[in-house]
Amino acid sequence: MTITLTHFLLISAILFSLGVYAVITRRNAIMVLMGIELILNSANINFLAFSRYGGLNIEGQMAAIFVIILAAAEAAVALAIVLNIYKRFNTVNVDEISLLKD
Amino acid sequence: MTTELTIALAILLLPLVSFILLIFTGKRYNDKSGLVGTAFLGVDLLMSLYILFAKIPSEAKVWDFTFTWIDFHSFVNNVPLKLDIGIMVDNLTAVMLVVVTLISFLVHLFSLAYMKGDIRYSRYYANLGLFTFSMLGIVITNNYLLMYVFWELVGLSSYLLIGHWYEKKSAADASKKAFLVNRVGDLGFFIGIMIVWMQFSTLTYDGIFTAIQNGIIPFDSNTWLTAAGLLIFCGAVGKSAQFPLHVWLPDAMEGPTPVSALIHAATMVAAGVYLVARTFPMLTADALLYIAYIGAITAFIAATIAIAQNDIKKILAYSTISQLGYMVMGLGVGAYTAGVFHLVTHAAFKAGLFLASGSVIHAMHHALHHVGDHHTDAQDIRYMGGLKNKMPVTFWTMMIFTLAISGVPLTSGFLSKDEILAGTLAFSKFTGHTLIPIIGFLVAGLTAFYMFRMMIVVFFGEHTDKHRSKHLHESPNVMTVPLMILAALSFFAFYSFNPISASHGWFYENVTTPTVVVPEAVSATSTEEFVEEVHHQHTLAMILSVSVAGLGILIAFATYYWKKISADAIANALKPVHNFLSNKWYFDELYDATAVAATVGTARLLAWFDAKVIDGVVNGAASVTRLGSVISGKFDSIVVDGIVNFTAYFAGFFGMLLRTVQTGKVQTYIVFALVGLMVLLALYI
């Protein structure tokens, strides 16, 4: 059995779904961030798959590297936000942080 | 202006100064205010005497000072339209000035004792000053405009003086009555003045009389001339208490007695006679006839009422009305000088009578006060009697006044009354109106009777109460001296050296009938013919008047002194007549039932109209507005507020509904976003 583009896309889709599931269901803010990482990485897999099998070539790998850098930056900023939220609310449970309501 | 006119003006203004001084500063030196007023009037009297002695021998007929007050710069009937006012002094004015200031001075003097301790002492003297000023104004002006102004001022000041003791309801009512009744006459006077102004565009006597002499008469009609004269006479009817407006004078006796002497005997009531004398040249024969009859009717009615009165001042009040009727009758029949002469002599002896009655009342009050009697009326002659020995000065002076008013020879009253009666005889000879002399002589007899009735009841016999009589004393000198002066002036010598005829005395020589200016067709008998006839009738008049006066006195003595005739028996036998007389011919009741009832009825009707209709309309408008507000309020609170509240509620309801979607949880929103994305994808792919 040869590995085709479809397999990559399938894995990427599964990974994306898992990431979204984590984002939606996790109560811990850290976990939510980790879900986001999964989504970003599923996108990376897509970029790499299209660079290998599609016509993206090197641009696809370039985009994947950008996304990894972006993810690192995002993680730094997001963790800083979570730390501040913890300082303010003494919790990182996103259900309890519902100031947008009322 | 000449020196004499300046002095005349000073005579006019001095009492005004006294009034202003006392009304503003009188309270500060209350006890001295009487002396201040009296001093002012003393100076006034001296100046008046100077004017009289300067004027009488003077060749000039009139001293006159006129100036234009308002110039309208337009013409009516080719006569410049302007209002001239001014003052003048002719012989009549000069005499009147002395009469007014003399009586006023004596009343001021008398009041020093009579009004002593009164609560409004200084105001009393201030008002006397105002009254004297007004009265002098009437006699000194030379036009109807100022005459009317002063006329009203006299009305006002007499109102103030009659109502001096205004705490007493009867006094307050009397002052109102006097003012209102006078107003009726003044209305006629005012209309008369308007007619004159309409036609002649001038109100000076001289201007009017000159115009009439030149043939200009109101509306080219002799009837209008008569009407103008009679309307002006209306003023005199009010002020001089002539029938049918005589009802105020007896009530005015509620004022202090010296006031009665000044106002209701000598001056104010004489103003009407003076007005007729001033208007005399423009009175037609018809007008004079009416005036003569009004005078005669008044004289008769008042004399009959006086017989049945028991209040000493009421008797004198009716006697005054009767004598005023005499004067008016004298002027009406054309005996101008006699009428004015009677005014002057009457002023002296009637003021004397009032002051003497004041002295009696003063003594009675004093005695009643001493015995602690607060119920007996100090003015009722039935409680008096036997005062002759207690008050000799008052008695003798009052006797002289009574002789004078009864027309007994050697007195001034005899001279003047005699001339009037001769005038009425001459008048009846020319015109055939015999009723007038008949009434004249009848009234002369009645006057003698009721005056002696009063004298006998008050002064002769025994006093009705032994206890009280011990406390009766003669009045102090300030009260008796004026009486003596007036008593002296009641003798013939001051007016004429001939005791039986005044026709060659200074008064007759100087106060002569003015030239009549009305057209010949409507004028009365010419003055020359009339005077001639009066001379013929003089002896007859004298004999008749002395005999009727003697008869009246005799009956009075027979009835009240010797008791040969029982007054009570006669009163009982003629009960209806006696009631009729003692109730003053029911004039008050008649006026109450007609004029007063009509006025009050109209006032009630208007009040009802005001209360019901006008107020009803106003209240109705208010109710309608109120109803409108209520409806508008309801509309606001229900409809408008309802819409607003509903909108709010609606928004709130949907807010409530939608807020459940807004959880505030980022994850929920992500779910929505994903679901949305999927829906979109499903739709477009």
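The structure is a predicted model, and the values below are computed from it.

Just after helix 17, B:Gly461 adopts a positive phi of about 70°.

Helix 24 of chain B, by comparison, comprises 73 residues, and the number buried is zero, so this helix lies largely in the open. Helix 24 runs over residues 587-659 and contains a kink of about 40° centred on B:Ala597. B:Ile638 is located in helix 24. With 10 other C-beta atoms within 10 Å, B:Ile638 is exposed. Between B:Ile638 and B:Asp588 there are 50 residues of sequence separation and, from C-alpha to C-alpha, 68 Å in space.

Two packed helices are described by the angle between their axes and the distance between the axes. For helix 11 (residues 268-279) and helix 13 (residues 312-332) of chain B, the packing angle is about 5° and the axes are 10 Å apart. Helix 11 is therefore roughly parallel to helix 13, given that angles under 35 degrees count as such. On the side of helix 11, B:Val269, B:Val273, B:Val276 and B:Ala277 take part, and they meet B:Thr320, B:Leu324, B:Met327, B:Val328 and B:Leu331 of helix 13. Classified by type, this contact of helix 11 with helix 13 holds eight nonpolar residues, one polar residue and no charged residues.

Helix 13 also packs against helix 14 (residues 336-370) of chain B, where the axes come within 9 Å and cross at roughly 175°. Helix 13 and helix 14 of chain B are therefore roughly antiparallel to each other. Helix 13 contributes residues including B:Leu316, B:Thr320, B:Gln323, B:Tyr326 and B:Met327, while those from helix 14 include B:His342, B:Leu343, B:His346, B:Lys350, B:Leu353 and B:Phe354. The contact of helix 13 with helix 14 has eleven nonpolar, seven polar and two charged residues.

B:Ala265 belongs to helix 10 (residues 257-266) of chain B and counts as buried, with 30 C-beta neighbours inside 10 Å. B:Ala265 and B:Ala611 are 346 residues apart in sequence, and their C-alpha atoms are 45 Å apart in space.

Most residues other than glycine have a negative phi, and most peptide bonds are trans. B:Ser201, although not a glycine, has a positive phi of about 55°. This residue is found in the loop between helix 6 (169-200) and helix 7 (205-213) of chain B. B:Ser201 has 20 other C-beta atoms within 10 Å and is buried, the threshold for this class being 20 or more. A positive phi of about 55° is likewise found at B:Ala241, again not a glycine. B:Ala241 lies in the loop between helix 8 and helix 9 of chain B and is buried, with 31 other C-beta atoms within 10 Å. B:Pro244 is placed in the loop between helix 8 (222-239) and helix 9 (248-251), and the peptide bond from B:Phe243 to B:Pro244 is cis, with omega near 10°.

A further loop, between helix 19 (477-488) and helix 20 (506-510) of chain B, holds B:Ile500. With 16 C-beta neighbours inside 10 Å, B:Ile500 counts as partly exposed. B:Ile500 touches B:Pro409 and B:Met542, not counting residues up to four places away in sequence. B:Thr411 is 89 residues from B:Ile500 in sequence, with a C-alpha to C-alpha distance of 9.3 Å.

Finally, the contact between the chains takes nine residues from chain B and nine residues from chain A. On the side of chain B that touches chain A, the residues divide into four nonpolar, four polar and one charged.

Methods:
Residues are numbered from 1 along each chain as its sequence is written. Chains are lettered from A and ligands numbered from 1 in the order in which they are written. This is a predicted model: local features need pLDDT of at least 70, side-chain atom pairs count only at pLDDT 80 or more; totals for chains, interfaces and linings use all residues. The bend at a residue is the angle between axes fitted to the seven residues ending there and the seven starting there. Helices (H or I, at least four residues) and strands (E, at least two) are DSSP runs, numbered from the N terminus. A residue is buried if 20 or more other C-beta atoms lie within 10 Å of its own, exposed if 12 or fewer, and partly exposed in between; C-beta atoms are placed from the backbone. Two residues are in contact if their C-beta atoms, placed from the backbone, lie within 7 Å. Ala, Val, Leu, Ile, Met, Phe, Trp, Tyr, Cys and Pro count as nonpolar, Asp, Glu, Lys and Arg as charged, and the others, Gly among them, as polar. Axes are lines fitted to C-alpha atoms, for helices over the stretch in contact, and angles run from 0 to 180 degrees between N-to-C directions. Angles under 35 degrees count as roughly parallel, over 145 as roughly antiparallel, 65 to 115 as roughly perpendicular and the rest as oblique.
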